[in-house]
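Got your viewer open and your selection tool ready? Let's take a walk through the model, one stop at a time.

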Amino acid sequence: MRVLRRSGHPDLAVRVAGEADRGVPVVLVHGMASDHSTWRRLAAALRARGRAVISVDLRGHGRSGRARDLYRLDDFRDDLVYVLDTLGVAVADVVGHSLGAHTALRFAMLEPARIRRLVLEEVPPMPRDEADLSEGIAMRAKLGERIRGLIALARNPFPVLRFDGRMGDQIVAEFDVCAPHWWSELPDVRASTLVISGGEKSFLPPHHLRTLSDTLPDSRFVTIEAGHSVHRDRAAEFVSQVDGFLGH
């Protein structure tokens, strides 16, 4: 891992495989309470295709530093911008899961010219109105997903052990506020986008992910019945979809 040291902001840990400043690299952004290691299978497949891969530990995760006070969604986005700037990456393909997908989407909304292709796995959308809020479009796992998460934890406890637990309530609180302006900015995204839903097993209502996909200018929607962690629980299908979408 390479650690990008910063003054006044959390250090950021990244794993770079291949030459990130040549061609279009693939940036992998994990979900909450995870880290870069969740992408090993996908990263190996991409490297076999000759793609450079940049795997990021978000602030408060893995080997990255922790926030001094609050965790905010826009801070994760700005960290991702900083990583690409520091590595000299002008344009990238980005794959994100859950919080990482939301971070990647905020990046694409802020700097649309910098993302060529975008994969959003189980991306939590901001609530548009009180009706959305009542459906609970937030990162709260169902029982089945908790059990699968415990199994994954037993196999690899390090991401959870390194996770800053203060983050959970702070981030969920941002998803408990109506944000119609967020939806109004989605048409600014230029990247060709693949939205992957985990289907009815997930706590994220699939119809909201489909609505998000329909709102983006260039997007396709795919369902893989797996729950919230598609890349973990249906890895082969996930890798096949992503590999086919990203191409070379």
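Start by selecting His-36, which lies in the loop between strand E3 (26–29) and helix H1 (40–48). Those labels follow DSSP runs: helices are H or I with at least four residues, strands are E with at least two, and both are numbered from the N terminus. This is a predicted model, in which local features need pLDDT of at least 70 and side-chain atom pairs count only at pLDDT 80 or more, while totals for chains, interfaces and linings use all residues. Residues are numbered from 1 along each chain as its sequence is written, and side-chain values use heavy atoms, with hydrogens and water left out.

Is His-36 buried or exposed? His-36 counts as buried because its relative accessibility is 10% (buried means under 20% relative accessible area, exposed over 50%, partly exposed in between, with a 1.4 Å probe and protein chains only). Now show what His-36 touches: Met-1, Arg-15, His-30, Ser-55, Val-56 and Asp-57, leaving out residues up to four places away in sequence. Contact here means heavy atoms within 4.5 Å.

Next, jump to His-102, in helix H3 (residues 99–110). His-102 has a relative accessible area of 0%, so it is buried. Beyond its neighbours within four places in sequence, His-102 is in contact with several residues, including Leu-73, Phe-175 and Trp-182.

Select Trp-182 together with Trp-183. A search of the whole structure turns up 3 aromatic pairs. Trp-182 and Trp-183 form an edge-to-face pair, with 5.6 Å centre to centre and 80 degrees between the planes. For the cut-offs, rings of Phe, Tyr and Trp (its six-membered ring) pair if their centres lie within 6.5 Å; planes under 30 degrees apart are stacked, over 60 edge-to-face, and the rest tilted. Trp-182 is buried because its relative accessibility is 4%, and Trp-183 is buried too, at 8%.

Stay on Trp-183 and bring up Arg-128, which lies over the face of Trp-183 at 4.7 Å from the ring centre. Then find Arg-6, whose charged end sits over the ring of Tyr-82, 4.7 Å from its centre. A charge sits over a ring if NZ of Lys or CZ of Arg is within 6 Å of the ring centre and within 35 degrees of the ring normal.

Now colour helix H2, residues 73–86. Its 14 residues reach 20 Å from first C-alpha to last, close to the 20 Å expected at 1.5 Å a residue (the expected span is 1.5 Å times one less than the number of residues). Among the buried residues of H2 are Leu-73, Phe-76 and Leu-80. Just after H2, look for Gly-88, with a positive phi of about 75 degrees.

Which residue forms a salt bridge with Asp-75? Arg-59 does, with the closest N and O atoms 3.9 Å apart (a salt bridge is a side-chain nitrogen of Lys or Arg within 4 Å of a carboxyl oxygen of Asp or Glu). The pair links distant parts of the chain, 16 residues apart: Arg-59 is in the loop between strand E4 (53–57) and H2, and Asp-75 is in helix H2. Both Arg-59 and Asp-75 are buried.

Last stop: Arg-77 and Asp-78, whose side chains meet in a salt bridge at 2.9 Å, N to O. Arg-77 counts as buried because its relative accessibility is 16%, whereas Asp-78 is partly exposed at 35%.
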